[in-house]
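Me: I am new to this structure. Please show me how to read its main features.

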Protein chains: 2
Amino acid sequence: MLSFVVAALDLGHTFGMAATNPTITPARTARDRARIELTDEIKVVARRQLAEQGSAALSLRAVAREVGMVSSAVYRYFPSRDDLLTALIIDAYDAIGARAEAAEREARQLGTVDRWMHVCDVFRSWALANAHEYALIYGSPVPGYAAPEATIVPASRVPLVVLRLLADGVDSGEIATGTTPAMSRTVRSDFAQLRRDAAVGVPDAVLSRGLCVWAQVLGTINLEMFGHLHNVIHDYDGFFSLQMRRAADFLLLGE
Amino acid sequence: MLSFVVAALDLGHTFGMAATNPTITPARTARDRARIELTDEIKVVARRQLAEQGSAALSLRAVAREVGMVSSAVYRYFPSRDDLLTALIIDAYDAIGARAEAAEREARQLGTVDRWMHVCDVFRSWALANAHEYALIYGSPVPGYAAPEATIVPASRVPLVVLRLLADGVDSGEIATGTTPAMSRTVRSDFAQLRRDAAVGVPDAVLSRGLCVWAQVLGTINLEMFGHLHNVIHDYDGFFSLQMRRAADFLLLGE
DNA sequence: AGGGAGCGAGAGCACTGCTCTCGATGCATC
DNA sequence: GATGCATCGAGAGCAGTGCTCTCGCTCCCT
């Protein structure tokens with residue numbers, strides 16, 4: 001729910017770089033302004049290096065060199081390389097989250113299947129266009145690095161879009177409920193919590209299928225991007241489209 | 001098909017370490033023997049470091065130190081750190097591949113659903129028990145590192161198990177065919193090739209659904225292992241089991 | 001028996017993340 | 001407005017990395 005507040009702030013004001021900075025900094029003094037600008041410049045350069053060569057090649061010293069600082073100066077802005085990486089991860093989550101939300105908004109008047117297809121297409125397009133950032137957030141986490149609390153809210157933006165799709169589809173009757181599957185008490189209560197938080201009115205059967213197809217989206221994109229379909233599938237666009245349509249079939253239980 | 005040859009060799013002879021070495025080396029001289037032994041020892045130590053701290057922390061110098069060599073000596077056995085990593089990747093693919101094949105063999109007399117559930121369980125168990133190795137092969141590839149040709153055969157062992165499951169399920173009539181989905185000419189020919197190679201008699205509709213559920217397996221495990229279900233799902237075992245059963249429903253089209 | 005290939009050790013290069021110290025500068029307080 | 005403090009950038013330095021090159025030693029094939 002906090003994510004909606006953040007999103008609203010991002011859309012309301014146009015801070016430029018403040019999208020990732022949850023604390024509102026008025027930037028009164030010149031020093032504060034310079035700090036914000038430099039922090040942003042470091043992130044821009046780092047994001048470029050990340051996009052070009054991947055997360056392992058992201059070197060704090062190289063970033064410093066390009067920004068025109070000495071390496072130790074960068075530590076005034078980011079306590080460690082991992083913190084810089086965390087900032088980029090949050091930005092990536094926010095970027096794909098905003099894209100997914102926009103896609104859902106664009107297709108709101110369409111039926112559930114078309115909205116689903118559109119969100120999937122936009123999601124995959126972003127992944128292809130930002131391969132290293134995608135790998136950073138949806139591939140294996142960079143080793144020895146534990147995702148800090150600050151990432152969980154931006155990370156939930158895309159899943160929230162999917163959950164809203166489920167809720168709307170159930171509301172409109174497009175998504176058939178089906179028989180409630182057998183599950184453990186714990187999973188049942190997990191689903192109940194999820195329903196309370198972000199999927200009001202969505203029964204367990206649909207939540208289960210929704211998580212199935214969401215996992216399938218990530219799995220299919222990972223298969224494609226990480227080379228597991230090499231020499232097997234040649235028309236990646238057509239394949240993804242086909243598979244997402246199958247996923248929609250399963251989600252609606254219309255087959 | 002080559003993979004079957006390799007697998008047969010691995011099972012027939014008990015070379016110990018030769019699983020990843022496609023060229024058959026008789027180890028005639030003492031020097032050859034020592035080379036093979038040292039190569040293996042380096043891999044064992046490296047695999048331990050990988051398991052303990054992840055791929056990024058895998059240091060050639062640290063491995064050398066533990067083996068009791070100087071770092072430059074290791075380069076006699078592996079031309080680069082990436083080559084050592086490649087050897088570990090191949091080993092990981094072979095390990096999970098062998099486990100999946102064994103699981104499929106164990107459950108051969110059972111029905112398609114039970115075989116599917118068993119293979120999924122074994123696969124996930126291996127992933128949990130070997131998190132860093134799993135991340136190495138099914139997470140994002142280590143950045144700047146392109147999977148060499150030598151990995152594709154061991155990498156195909158698990159997918160081949162899944163494809164065999166599909167073929168058997170179609171044969172036995174447990175897997176309903178369903179209507180052939182619309183797809184591009186390229187995807188159709190990709191599927192035809194796949195059918196010729198490793199899924200004789202499996203129609204396009206089933207291949208499509210099979211790739212759906214396979215992507216779902218990887219997606220679900222990735223969601224769990226990479227922290228995307230943190231604070232959402234608490235009973236991971238129960239959740240996975242539930243989701244795999246839903247996947248089986250979809251695969252059979254029995255709902 | 002000789003000569004070449006393979007081997008391990010060591011030094012060294014360029015690079016990394018990170019720490020510490022040292023002046024300089026901006027800023028809020030007296 | 002002067003003072004004192006926090007912030008800042010620069011530089012040196014430490015421990016570590018992947019990788020290269022040279023140097024002897026040893027094993028093995030001819």
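Reply: Start where the chains meet. 49 residues of chain A are in contact with 49 residues of chain B. Two residues are in contact if their C-beta atoms, placed from the backbone, lie within 7 Å. One caution: this is a predicted model, where local features need pLDDT of at least 70, side-chain atom pairs count only at pLDDT 80 or more, and totals for chains, interfaces and linings use all residues. Residues are numbered from 1 along each chain as its sequence is written, while chains are lettered from A and ligands numbered from 1 in the order in which they are written.

Me: Which helix gives the most to the side of chain A that touches chain B?

Reply: Helices (H or I, at least four residues) and strands (E, at least two) are DSSP runs, numbered from the N terminus. Here H11(A) gives the most, with eleven residues.

Me: How do the residues of that side divide by class?

Reply: Ala, Val, Leu, Ile, Met, Phe, Trp, Tyr, Cys and Pro count as nonpolar, Asp, Glu, Lys and Arg as charged, and the others, Gly among them, as polar. On the side of chain A that touches chain B, 24 are nonpolar, 19 polar and six charged.

Me: Why do the copies meet through the same surface?

Reply: 100% of the interface residues of chain A are also interface residues in chain B, so the surface is the same.

Me: How many residues surround DNA strand C?

Reply: A residue is near a strand if its C-beta atom, placed from the backbone, lies within 6 Å of it. For DNA strand C there are 22, and Ala30(A), Ser59(A), Ser72(A), Arg81(A) and Ser72(B) are the closest. By class, that surface has eight nonpolar, six polar and eight charged residues.
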